[in-house]
Amino acid sequence: MERIDKWNNRYQTTIPLPPPCQVLANYTHLLPATGTALDLACGLGANALLLAQHGLETFAWDYAQAAITRLQSEAQSQQLHIQTEIRDVVTRPPQPATFDVIVICHFLARQLAPALIAALKPKGLLFYQTFARTTVTACGPCNPEFRLAEGELLQLFQALQPLIYHEEKDIGDTTQGLRNEVLLIAQKN
Ligand SMILES: C[S@@+](CC[C@H](N)C(=O)[O-])C[C@H]1O[C@@H](n2cnc3c(N)ncnc32)[C@H](O)[C@@H]1O
């Protein structure tokens, strides 16, 4: 089965709307009051909904039609305007200098990093959260290609200024803390 079919099937059936990701929900205070924001590979668009609730002109892209349909319906019911698009973000990444905020959660396409950096406007913010290879419990994708090596997110976005970086690995009391995932908020000069 094609990956896109797998995602469409999931969104048509089982997945409830998840909460916004921690990298955004815990640091909403860093968002600008106005501007453009993109939820890239948005899925059901919990992050896009938060961005729109915050007052940003919000765009949400995903190649799974079923996800975009559900997001449109949720945005309508919350009386929010989100500019949704069924879009393959790998073959059609964002244009240079178009967004003040880009949010990416649980999606990793390393080759997109230069285009994402270019797509931020000056002082623009990247919010990124995804799965690490170093884990303490089983969750997320089985394929290590879809997981970050230690320090990799910092390295991919080294052209940006890091504001928040969170990677706990498997150090200390692994029953506590935010494990299995890495968070980065970084700003363009
Ligand atoms: C694990 S889900 C995460 C969804 C959302 N960001 C979240 O955190 O709830 C990964 C998403 O990436 C989307 N995706 C994968 N490859 C894509 C591509 N090339 N272009 C656009 N969307 C893609 C899938 O359709 C799916 O919705």
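Start by selecting the ligand: 16 residues surround it, and the closest are Tyr-11, Ala-41, Asp-62, Val-89 and Cys-105. The model is predicted, so local features need pLDDT of at least 70, side-chain atom pairs count only at pLDDT 80 or more, and totals for chains, interfaces and linings use all residues. Residues are numbered from 1 along each chain as its sequence is written, and side-chain values use heavy atoms, with hydrogens and water left out.

**Stop 1: the ligand shell**

Colour the shell by class. It has 11 nonpolar, two polar and three charged residues. (Ala, Val, Leu, Ile, Met, Phe, Trp, Tyr, Cys and Pro count as nonpolar, Asp, Glu, Lys and Arg as charged, and the others, Gly among them, as polar.)

Now show the polar contacts (pairs of N or O atoms within 3.5 Å). Pick Ala-41: a backbone N or O atom of this residue lies 2.8 Å from a nitrogen atom of the ligand. Next, Tyr-63 places a backbone N or O atom 3.2 Å from a ligand nitrogen atom. Then select Asp-88, where a polar side-chain atom lies 3.0 Å from a nitrogen atom of the ligand. On its own the ligand has 600 Å² of accessible area, and the protein covers 87% of that (Shrake-Rupley method, 1.4 Å probe).

**Stop 2: the largest pocket**

Stay with the ligand, which sits in the largest pocket; that is, more than half of its atoms lie within 2 Å of the pocket's grid points. A pocket is an open set of points on a 1 Å grid over the protein atoms alone, with protein on both sides within 12 Å along at least five of seven lines; lining residues have an atom within 4 Å of a point. This pocket holds about 1,100 Å³ of space, a volume being the space filled by probe spheres set on the points.

Select its lining of 38 residues; Trp-7, Tyr-11, Cys-105, His-106 and Phe-107 lie nearest the centre. Helix H1 (3-12), helix H3 (46-53) and strand E5 (120-131) each give two or more residues. H1 gives the largest share, five residues. (Helices, at least four residues, and strands, at least two, are DSSP runs.) By class, the lining has 21 nonpolar, nine polar and eight charged residues.

**Stop 3: the cavities**

A cavity is a set of grid points where a 1.4 Å probe fits but cannot get out. There are two of 30 Å³ or more.

The largest cavity has a volume of about 50 Å³. Select its lining, including Leu-40, Ile-104, Arg-110, Tyr-128 and Phe-157. The classes are 11 nonpolar, no polar and one charged.

The second largest cavity has a volume of about 40 Å³. Among its lining residues are Ala-132, Thr-134, Glu-167, Lys-169 and Arg-179. Here two are nonpolar, two polar and five charged.

Terms used. A residue is near a molecule or strand if one of its heavy atoms lies within 4 Å of it. A polar contact is a pair of N or O atoms within 3.5 Å; within protein, one must be able to donate a hydrogen and the other to accept it, and residues adjacent in sequence count only if both atoms are side-chain atoms.
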